[in-house]
Amino acid sequence: MLMRLYRSVWVLAGVPILISLAGCERLKAVAGALEKKETAKADVPTVQGNFSRNQISDITSADFPGFISRKDALVIVDFHADWCGPCRMLGPVLEKAAEAHPAVVYLGKVNVDQAPDLAAAQGVSGIPDVRIFKNGREVDRFVGFPGEKQVLQKIAELSKGITPTAATTPVAKTPAEPPIQPFQKDWMPPGMRRQQSAAP
């Protein structure tokens, strides 16, 4: 009788559960809905609008749309590889430019060996390949390493007029509050008298 009624054992949150034949279809429907929800969640970019307060970040395919759509900022995406000589020369220059413009210039680094799908989707055919965005729209790009001076000038020129928003500016520290003082009680309830201490 037990074998006929309970033919399926499912594990839910690590706990084995006996499922009757009548409940199997419902459980399969719920499990399918949860699986679809998790799949849909994986396809959504992990960020939107303001990627993070870090000015220099490694980004993935999922991060890319949110990273480039940052508002009130100049966003640079550097497609590079560890084995690429010009990439190793350009990387520190881009980092220097980002650090020179706090809360204005953001640098996203994409290693083409670790994210080949993103590089292919963006049409990267040679590295280093640098794309520059304002409010999600590409405003400039270059391939190769044109030289430190040219890169720094280009970024300084493109970042003119951008003022950091409250969401991206570092929060100023407020002065410390004075310590709480104990309440001084100098009244007595009605009918009570203070005890006089005896003189030594």
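Visitor: In what order do the elements of the protein chain run from the N terminus on?
Guide: They go α-β-β-α-β-α-β-α-β-α-β-β-α. In total the chain has six helices and seven strands. Helices (H or I, at least four residues) and strands (E, at least two) are DSSP runs, numbered from the N terminus.

Visitor: And what should I know about the model itself?
Guide: It is a predicted model, where local features need pLDDT of at least 70 and side-chain atom pairs count only at pLDDT 80 or more, while totals for chains, interfaces and linings use all residues. Residues are numbered from 1 along each chain as its sequence is written, and side-chain values use heavy atoms, with hydrogens and water left out.

Visitor: How much of the protein chain counts as buried?
Guide: Of its 200 residues, 30% do. Buried means under 20% relative accessible area, exposed is over 50%, and partly exposed is in between (1.4 Å probe, protein chains only).

Visitor: What share of the contacts comes from residues 24 or more positions apart?
Guide: 60% of the contacts with a separation of 6 or more. Contact here means heavy atoms within 4.5 Å.

Visitor: OK, helix 4. How many residues does it have, and how far does it reach?
Guide: Helix 4 has 16 residues and reaches 24 Å from its first C-alpha to its last. That is close to the expected 22 Å at 1.5 Å a residue, the expected span being 1.5 Å times one less than the number of residues.

Visitor: Which residues of helix 4 are buried?
Guide: Cys 87, Leu 90, Gly 91, Val 93, Leu 94, Ala 97 and Ala 98.

Visitor: What covers them?
Guide: The cover includes strand 3 (56-58), strand 4 (74-80), strand 5 (105-111), strand 6 (129-134), strand 7 (137-143) and helix 6.

Visitor: At what angle do the axes of helix 4 and helix 6 cross?
Guide: Roughly 30 degrees, with the axes of helix 4 (residues 85-100) and helix 6 (residues 148-158) coming within 10 Å. So helix 4 is roughly parallel to helix 6. The axes are lines fitted to C-alpha atoms, for helices over the stretch in contact, and angles run from 0 to 180 degrees between N-to-C directions. Under 35 degrees counts as roughly parallel, over 145 as roughly antiparallel, 65 to 115 as roughly perpendicular and the rest as oblique.

Visitor: Left-handed or right-handed crossing?
Guide: Right-handed for helix 4 and helix 6. A crossing gets that label if the near helix is turned clockwise from the far one by less than a right angle, and left-handed if anticlockwise.

Visitor: Which residues make the contact?
Guide: Helix 4 brings Leu 90, Val 93, Leu 94, Lys 96 and Ala 97, and helix 6 brings Glu 148, Val 151, Leu 152 and Ile 155. They divide into seven nonpolar, no polar and two charged. For that count, Ala, Val, Leu, Ile, Met, Phe, Trp, Tyr, Cys and Pro are nonpolar, Asp, Glu, Lys and Arg are charged, and the others, Gly among them, are polar.

Visitor: What does Val 151 touch?
Guide: Leaving out residues up to four places away in sequence, Val 151 touches Leu 90, Val 93, Leu 94, Phe 142, Phe 145 and Pro 146. Val 151 is in helix 6 and is buried, at 1% relative accessibility. Its C-alpha is 7.6 Å from that of Val 93, 58 residues apart along the chain.

Visitor: And Ala 98, buried or exposed?
Guide: Buried, at 0% relative accessibility. Beyond residues up to four places away in sequence, Ala 98 touches Gln 55, Ile 56, Val 105 and Leu 107.

Visitor: What about phi of Ala 103?
Guide: Near 60 degrees, so to speak a positive value in a non-glycine residue. Ala 103 is in the loop between helix 4 and strand 5 and counts as buried, at 7% relative accessibility. Asn 135 also has a positive phi, about 50 degrees, without being a glycine. Asn 135 lies in the loop between strand 6 and strand 7 and is partly exposed at 49%.

Visitor: Last one: where is Phe 67?
Guide: In helix 3 (residues 64-68), buried with a relative accessible area of 0%.
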